[in-house]
Amino acid sequence: MRGKGLLKGMSLTLKAFFSKKGTVQYPEAKLPMSPRFRGGELELDHKKCIACGLCAMACPNHVIELTTAVNEDKKKYLTSYVYHSGLCLYCNFCTEACPTKAICWDKNYENARYFREDLDVDCLSISQQKSVTAAEESFGTGKPEMDEQEKTRQGRAAG
Ligand code: SF4
Ligand code: SF4
């Protein structure tokens with residue numbers, strides 16, 4: 001009876017030893033998050049954003065602060081977009097309210113910060129920087145063409 005139990009136990013151990021591992025070598029390796037994962041920080045695509053403000057209005061905790069302006073073509077555009085991640089409930093109301101799918105989660109689960117002010121994310125600057133970097137990479141050399149929103153913004157700042 002004892003021998004049978006031992007064999008059963010050993011067979012389970014060997015099965016677990018050779019089966020696919022359920023753990024990863026974090027932090028060197030990271031698990032990919034599922035498409036429905038809500039977490040990390042809000043990622044803005046300023047080119048898709050129509051500055052309607054619905055995301056900020058849908059937020060129950062006033063996490064999103066944005067300011068807008070109107071260009072010569074009477075089109076609204078963002079002048080600032082700050083996400084106060086420390087206040088976020090991850091309820092997803094903001095992304096669901098966005099009519100152009102301009103915001104999504106970056107799915108990064110390493111959000112610890114040393115300083116409270118680092119929890120405030122300037123999503124507009126990050127998005128603009130990303131599109132500049134992407135354009136530089138795709139064009140190879142030189143400065144990329146500015147998009148219309150950026151031209152308007154810089155024109156206003158200059159004069
Ligand atoms: S997930 Fe909820 S609490 Fe967080 S910014 Fe969006 S609406 Fe606000
Ligand atoms: S709801 Fe979407 S389109 Fe409207 S301001 Fe927010 S991110 Fe931009």
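1. In the hairpin formed by strands S2 and S3, with 5 residues between the strands, Lys74 adopts a positive phi near 60°. This is a predicted model, in which local features need pLDDT of at least 70 and side-chain atom pairs count only at pLDDT 80 or more, while totals for chains, interfaces and linings use all residues. Residues are numbered from 1 along each chain as its sequence is written, and chains are lettered from A and ligands numbered from 1 in the order in which they are written.

2. Strand S2 (residues 64-70) pairs with strand S3 (residues 76-84) in the antiparallel sense over 7 bridges, where pairing requires that DSSP finds at least two bridges between two strands. Within this pair, Ala69 has Tyr77 in S3 as its bridge partner. S3 also pairs with strand S5 (residues 120-122), again in the antiparallel sense, over 3 bridges, and here Tyr83 stands opposite Val121 in S5.

3. The chain as a whole has 5 helices and 5 strands, these being DSSP runs numbered from the N terminus (helices: H or I, at least four residues; strands: E, at least two). Along the sequence they follow the pattern α-β-α-β-β-α-β-β-α-α.

4. Of the 159 residues in the chain, 14% are buried, a residue being buried if 20 or more other C-beta atoms, placed from the backbone, lie within 10 Å of its own.

5. Leaving aside neighbours within four places in sequence, Ile103 is in contact (C-beta atoms, placed from the backbone, within 7 Å) with Leu42, Glu43, Leu44, Cys55, Cys94, Thr95 and Cys98. Ile103 is also one of the residues around ligand 2, which include Cys49, Cys52, Cys55 and Cys98; a residue is near a molecule if its C-beta atom, placed from the backbone, lies within 6 Å of it.

6. Ligand 1 has around it, among others, Cys59, Cys88, Cys91 and Cys94. The shell around ligand 1 divides into 10 nonpolar, 2 polar and no charged residues, with Ala, Val, Leu, Ile, Met, Phe, Trp, Tyr, Cys and Pro counted as nonpolar, Asp, Glu, Lys and Arg as charged, and the others, Gly among them, as polar. For ligand 2, the shell has 10 nonpolar, 2 polar and no charged residues.

Definitions and conventions. Buried ≥ 20, exposed ≤ 12 C-beta atoms within 10 Å, placed from the backbone. Contact = placed C-beta atoms within 7 Å.
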